[in-house]
Amino acid sequence: MAYTRIHAVKATVQKALKYICNLEKTDGQILIDSFACGIETAHYDFMDALSKSSGVGDKQAFHLIQSFAPGEVDFDTAHKVGMELADKLLEDKYSYVIATHIDKEHYHNHIIFCAVDNVEHKKYNDCKRTYRHIRNLSDELCKEHGLSVIIPAGQKGMTHYERQMAKAGTSWKAQMKYDMDNAVHEAYSYEDFISRMQTKGYEVKGETFGDKALKYLSFCALGQSRFTRVSERNFGVGYTKEAIRERIKKRVMTQENFPVKKKFPFPKRPDAKRTLIDTDQEKFQENGALKHWADIQNLKIAAASYAEGGSVEELEWKIAEKNATAKAARSAIVDLEHEMKAKAEILKYAKQYMANRKYQRGYEKAKDQDAYFRSHETQIILFGGAENMLKRYEIKTTSLDVEKMQAKYDAMTVQKAKLKKTYQTAEKEVVEADKQLKNIRQYLGIERDKQEKEKTNKKHDISL
């Protein structure tokens with residue numbers, strides 16, 4: 001996704017050109033191109049074109065900035081998209097110089113073009129209609145290059161929810177990193193980590209290992225236009241599928257290195273959560289005393305299961321009820337997480353808008369807008385991007401209340417924590433009830449087998 005803004009250059013064309021062609025900002029001027037003028041002589045070429053038109057006024061050139069979200073595009077693609085934008089917008093009529101700046105976290109293009117064309121010597125008409133044309137051209141190019149675009153309200157092809165969830169690269173990555181860290185912390189294996197990410201709503205590819213497997217693990221969130229690679233370049237050290245597998249393995253092994261010490265070989269009192277002892281093992285068959293002890297323990301465990309869980313029917317009903325509770329809570333968590341992602345995005349842009357509003361106002365009042373822009377470039381670009389996004393989310397900037405927005409988001413965070421606790425409690429109760437049910441069924445099965453065996457032995461004795 002790219003943000004665009006444009007302003008007129010009046011008496012500082014040479015300074016503006018010098019600024020955008022800075023060696024440090026353009027990788028040694030590699031990312032600079034021009035059309036119908038020389039890079040070093042552009043100012044004089046512009047003056048020549050201006051001299052052929054009457055009534056030009058004080059607007060000698062226009063400065064168009066196309067800024068991409070951090071992490072969404074590499075510098076080659078950014079420069080290519082900027083070139084295509086300039087060519088489509090100016091239709092081979094206006095002289096221009098384009099420079100791609102890569103010194104900031106957000107790559108951005110500066111396009112300075114002459115206010116008069118070289119063919120008919122007419123002035124460029126800078127108005128809301130032409131700005132919308134720039135915006136639409138930029139969006140079309142972003143689509144062609146696989147970059148994200150939010151379709152404005154009123155256009156078909158996206159639901160309101162999808163418009164809210166369409167984001168720039170850095171926001172996807174921040175949420176994805178947060179979700180991966182949570183999954184790594186909770187998973188007991190790499191496979192469980194993948195399963196947890198899928199539960200969070202991510203599509204997965206490249207998760208397998210081996211000679212024929214994809215090199216990178218990649219995730220795609222709900223509403224995201226393309227997959228994001230899990231790599232150290234995108235997320236930092238420790239974010240490859242190999243590294244994630246090792247992180248989980250190391251954490252699990254660390255936890256296993258601190259086993260609970262038991263003072264007694266067997267529990268002192270019956271526990272309904274314990275599993276019945278398998279008395280068919282050879283050591284129980286060879287040792288009558290040990291088998292007698294195991295039978296008593298199984299009886300106690302089964303009795304405890306009856307006492308705590310009730311009948312088979314009651315336990316089955318409890319398991320079904322708790323499963324339904326867990327499923328409903330989990331579904332509510334997923335829905336809430338989706339809503340929170342959209343709210344977090346809006347809140348981020350609201351804070352960004354408020355923090356940089358004073359720079360935009362200073363820019364609008366400045367006598368030398370180019371000079372002011374050079375001094376506060378990052379703040380002005382961030383303000384423009386935030387303002388544009390808030391408009392697309394249909395948020396009125398005249399009545400922004402960041403504290404109220406933050407309070408609502410915090411309330412949703414509390415609600416999510418409660419739902420998570422409900423989900424975890426229900427899941428735990430299902431496991432416990434299931435174990436009790438298995439104990440009762442297993443014990444009843446053992447008793448039936450013993451009775452059948454005794455009947456068979458009696459018949460055998462009578463026949464003898």
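Arg-361 is found in helix 12, which covers residues 312-365; helices (H or I, at least four residues) and strands (E, at least two) are DSSP runs, numbered from the N terminus. This is a predicted model, in which local features need pLDDT of at least 70 and side-chain atom pairs count only at pLDDT 80 or more, while totals for chains, interfaces and linings use all residues. Residues are numbered from 1 along each chain as its sequence is written, and side-chain values use heavy atoms, with hydrogens and water left out.

Between Arg-361 and Ile-380, which are 19 residues apart along the chain, the C-alpha atoms are separated by 9.4 Å. Two residues can be set side by side by their accessibility, where buried means under 20% relative accessible area, exposed over 50%, and partly exposed in between (1.4 Å probe, protein chains only).

| Residue | Relative accessibility | Class |
|---|---|---|
| Arg-361 | 46% | partly exposed |
| Lys-128 | 69% | exposed |

Lys-128 lies in helix 4, and together with Arg-129, Arg-132 and Lys-391 it forms a positive surface patch. Such a patch is made of residues with over 30% relative accessible area and no salt bridge, like charges being joined within 9 Å; a salt bridge is a side-chain nitrogen of Lys or Arg within 4 Å of a carboxyl oxygen of Asp or Glu. Helix 4 (residues 128-144) gives the most to this patch, with 3 residues.

For the protein as a whole, the secondary structure comes to 15 helices and 8 strands, and buried residues make up 41% of the 464 residues. Among contacts (heavy atoms within 4.5 Å) between residues at least 6 apart in sequence, 70% join residues at least 24 apart.

Methods: Patches are made of residues with over 30% relative accessible area and no salt bridge: like charges are joined within 9 Å, nonpolar side chains (Val, Leu, Ile, Met, Phe, Trp, Tyr) within 5 Å. Accessible areas come from the Shrake-Rupley method with a 1.4 Å probe; for residues, only the protein chains shown count as cover. Lys and Arg count as positive and Asp and Glu as negative; His and the chain ends are not counted. The place of a charge is taken as NZ of Lys, CZ of Arg, CG of Asp or CD of Glu.
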